Amino acid sequence: MAGEVAPEGPNLKEMGEEELWELINDNRHRISLGVRPCILLPYLRQVKVLSEVDEDEILSCHNLTNRCMRTSYMLDLLRTQGRNGAIALLEGLMIHYPALYTQVTGRKPSTEPSRFSGLIKYSELTEYLIRAVTGMQTELQEARNEAGRMSARCSSLESEVGQLIEQEEKSRHLQTENERLQRHLSSLQREVTKLKDEKCDLYIRYTAAIEEKLAINGRLHNLNLQVSCYDAQAMIARILAEKDALRIQLVELQEAVFTLQAKRSPRIQRQRSHVWFSTHKLPHTVHTSTREYRSNFIYVFGLALKLKEISWESPTSSSEECKHRKSIPVFSFLLSLSKTSAPPFLVRSRPKAIRVNGRVLSISLQCDALLSELTVVGGNKSGVFVHQVTEGSTAHSVGISPGAQIVEVRYEQNNRALKMVLEDSTLEEATWALSQVTGFCHLSLRPRQKDYEALLQQLQNTNTASGDSFYIRVNLSLSAGASGTLAVSCNDILHVTNTRPAGAEDQWHVSQVHPCQLLDLQSGAVPNYYRSVLCLDTPSEQKAVRIVSTGRQGRNPLWLIVARHFCLCPFSSEGPPSPSKSCVTLMPYTLVTPHFPPVCRPVLLLPTILGRMLDSKLANWQGFQLCVPEVLTSSEHAARLQRSEILEEVEPGGNQCFTLQGVEKVMKKGLHCVLPLGLDCVRRLHRSEIFPIIIFIGLSARNARKLRSKLQRNNQTEEQLLACAKSEEPLLDKLPCLYHSMAPGSWCDQTSLLTSLRTVIWEEQRKIVWYESPINFGI
């Protein structure tokens with residue numbers, strides 16, 4: 001307690017050497033812990049119990065690694081000085097460590113000369129004490145100054161802490177308000193989108209109603225004309241049949257005359273007049289029938305011409321366009337019948353050449369090679385148009401002229417009826433399809449003169465290379481070539497703008513696409529589909545990293561135009577050359593479409609063992625929330641299972657499930673939904689147009705060792721983690737969209753892995769999602 005005075009212990013001057021050192025050794029541990037050698041050494045050197053060499057050895061010896069060892073070694077050196085060493089040590093403690101001195105000796109410390117042993121002279125002692133007191137006062141003043149500074153610093157920090165707390169409160173309030181505004185903005189955007197869809201639907205319904213009304217009026221107006229035309233056609237057929245019968249009768253009579261002349265029968269002279277009459281009267285009959293046919297033909301032709309003018313006009317056609325269409329010689333084959341040199345059997349043997357169906361005109365013709373009689377321009381974006389027609393060809397004679405879009409072509413090959421739809425085909429597809437057409441065929445044409453002229457204007461202004469426009473993902477790496485071939489890497493997205501560039505029919509003209517916007521970047525040429533297939537079959541250091549199977553050998557999965565069981569190939573009608581007899585071939589390109597997901601996409605981490613370890617870490621980040629299972633009744637479970645709304649069951653046969661509604665609920669909050677699920681959930685999410693960010697974390701044995709302790713807490717081993725990664729990585733290439741793969745060398749521990757994940761999620765959120773079109777399979 002304060003004010004207590006330590007009891008007086010034994011007089012040190014009267015104690016012997018062994019008693020003194022026994023007293024010191026009893027308190028050796030206390031002295032080793034509480035004494036700093038550098039404080040006592042000046043006094044011990046002053047009384048000459050230690051030398052300068054001893055001081056250097058105590059303070060600088062490498063074997064003495066801490067203060068306690070140095071103090072203990074100092075006591076050992078003082079022990080060699082006998083009683084003087086002990087007295088000097090205790091006097092040093094009395095001056096510099098008075099409290100410790102009292103604990104060791106039991107005596108109250110005093111600086112009176114009579115209390116010292118006489119090892120030092122009085123004058124030297126006084127001088128030393130003055131220096132010691134002065135030093136202690138200086139240290140005390142410095143300590144007080146330091147305490148004042150620390151106090152001021154503490155006050156300043158307390159003030160800063162108060163300000164930070166206020167700022168944090170304001171930030172929390174602003175963040176809450178920001179989240180509320182974001183949710184409100186998201187709801188407004190959804191409402192605007194809904195209104196736009198409703199408006200678009202109204203426009204479509206309005207347009208359909210207008211077209212239906214105009215079609216009904218046109219049909220009512222044309223009904224009588226059509227009936228008259230059909231009656232006239234029946235009349236023409238009847239007259240042609242009579243004319244053919246008369247011609248056959250004439251031939252039979254002529255044969256009979258020749259037979260009689262050969263027999264030289266006397267009856268020839270008697271029948272000569274009858275034969276002459278028959279052979280001269282029959283042409284007169286034929287001529288009379290022909291005149292009747294011509295008069296009826298003029299009537300039929302007038303009706304047909306008027307019907308043609310009505311059927312080719314549309315509510316949106318301009319007067320100039322209609323005038324141009326009226327000038328097309330669709331019925332020129334009928335005009336040829338009026339000539340005496342046109343044999344009637346040609347008309348009888350040909351099927352009806354024109355069939356009007358809405359705004360599409362069906363034309364039938366006989367040709368040796370259709371593509372040799374006309375050329376086409378356009379593509380899948382603009383449509384394929386007739387560009388040039390050979391003068392005097394069959395295509396020209398039946399009325400095919402530039403500006404008509406080729407919608408469909410039907411013909412026979414090897415006793416099979418084939419139909420090719422060209423409405424959405426590329427220029428490469430259309431050119432190949434038309435090159436296959438030989439013999440009798442049917443063409444379905446749609447008049448689109450304005451669109452055709454607009455396409456020609458674009459081609460002349462070099463605003464576009466063709467009417468082609470679609471996007472593909474590259475499944476192999478190609479190096480740059482000397483002829484302007486573009487260097488591409490696996491998983492690059494390319495915008496194909498011309499499938500048949502001039503002078504390079506085995507190449508496509510493409511542009512690389514910006515990863516975050518639909519912008520064309522560097523342009524160049526790449527091999528077309530079939531040439532790139534040969535690149536896959538050719539041994540090279542370059543490797544197709546993403547392996548996609550078509551399931552049908554020789555089939556180009558990007559082509560749309562052919563009906564089932566018919567193979568497409570620009571090389572021959574039988575299909576492209578293939579070194580393999582397997583029905584599985586690699587796809588160098590995959591047709592994709594862009595999708596722009598909402599602000600916060602769900603996040604799926606793989607492999608699943610590592611993903612389950614990191615899900616809770618991600619869920620603690622701001623802007624993230626863990627997807628939790630829902631408890632469903634048996635009826636709810638069955639209903640949602642039927643609607644494919646259950647993503648995964650917590651336990652097979654249980655009532656806890658991860659549902660599609662749970663993911664959507666988190667997304668509506670403007671948060672990233674962390675999915676503690678496997679790969680099976682991805683396609684179910686895609687069917688609802690939810691595109692998660694899929695991150696595969698690459699692993700090595702070294703990475704796995706870094707996670708050993710966390711794996712053990714989850715009852716997992718390093719071998720199980722590596723096996724899981726090895727089994728799941730090949731399944732990722734079967735997904736209809738890309739994933740992000742982190743290299744094993746990009747992280748070394750859990751902290752660096754989480755930092756890299758945050759960066760990857762931010763980058764993937766900004767990118768366009770390129771989704772494989774379902775047209776790639778089962779064509």
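Trainee: Which strands form the open sheet with antiparallel pairing, and in what order?
Mentor: Bear in mind that this is a predicted model. Three strands form that open sheet, in the order 15-17-16, and their pairing is antiparallel. Strand 15 (630-631) and strand 16 (646-649) are the edge strands, each of them pairing on one side only.

Trainee: How many bridges join strand 15 to strand 17?
Mentor: Two bridges join strand 15 to strand 17 (residues 656-659), and the two strands run antiparallel. Within strand 17, Cys 657 is the bridge partner of Glu 630.

Trainee: And which helices pack on that sheet?
Mentor: Helix 18 (residues 634-642) packs on the sheet and touches strand 15, strand 16 and strand 17, with its direction making about 125° with that of strand 16. Helix 19 (residues 660-668) also packs on the sheet, touching strand 15, strand 16 and strand 17, and its direction makes about 50° with that of strand 17.

Trainee: I clicked on Arg 640. Is Arg 640 buried or exposed?
Mentor: Arg 640 has its place in helix 18. Its relative accessible area is 17%, and because buried means under 20%, Arg 640 counts as buried.

Trainee: What does Arg 640 touch, then?
Mentor: Leaving aside residues up to four places away in sequence, Arg 640 touches Glu 630, Leu 632, Glu 645, Ile 646, Thr 659 and Gln 661. Glu 630 is the residue whose bridge partner in strand 17 is Cys 657.

Trainee: Where is Lys 48, and is Lys 48 buried or exposed?
Mentor: Lys 48 has its place in the loop between helix 3 and helix 4 (52-60), and it is exposed, with a relative accessible area of 72%. The phi of Lys 48 is near 65°, which is a positive value in a residue other than glycine. In helix 3 (residues 37-46), by contrast, Pro 37, Leu 40, Leu 41, Tyr 43 and Leu 44 are buried.

Trainee: Changing topic, what about the sheet with parallel pairing: how many strands form it?
Mentor: Five strands form that open sheet, in the order 14-18-13-19-20, with parallel pairing. Strand 14 (624-626) and strand 20 (740-742) stand at the edges with a single partner strand each, so one side of each is left without a neighbour in the sheet. On average, and ignoring direction, neighbouring strands of this sheet are turned by 30° against each other.

Trainee: How do strand 13 and strand 19 pair?
Mentor: Strand 13 (residues 603-606) and strand 19 (residues 693-697) pair in the parallel sense over four bridges, and Leu 605 stands opposite Ile 695 in strand 19. Helix 23 (residues 718-732) lies across strand 13 and strand 19, running at about 140° to strand 19.

Trainee: Which residues does the cis peptide bond by Pro 607 join?
Mentor: The cis peptide bond joins Leu 606 and Pro 607, with omega at about 0°. Pro 607 lies in the loop between strand 13 and helix 17 (608-619).

Trainee: Why is strand 8 described as largely enclosed?
Mentor: Five of the five residues of strand 8 (residues 470-474) are buried, so strand 8 is largely enclosed by the rest of the structure. Both of its faces are covered, with Phe 470, Ile 472 and Val 474 buried on one side and Tyr 471 and Arg 473 buried on the other. In a regular strand the side chains alternate between the two faces of the sheet.

Trainee: Which strands are joined to strand 8?
Mentor: Four bridges join strand 8 to strand 9 (residues 493-498), running antiparallel, and Arg 473 stands opposite Ile 493 in strand 9. Four bridges also join strand 8 to strand 12 (residues 589-595), again antiparallel, and there Tyr 471 stands opposite Val 592.

How values were computed: Residues numbered from 1 in each chain as written. Predicted model: local features only at pLDDT ≥ 70, side-chain atom pairs only at ≥ 80, totals over all residues. Heavy atoms only, no water. Pairing = 2+ DSSP bridges. Axes fitted to C-alpha atoms, helices over the stretch in contact; angles between N-to-C directions. Contact = heavy atoms within 4.5 Å. Buried < 20%, exposed > 50% of the residue type's maximum accessible area, 1.4 Å probe, protein only.
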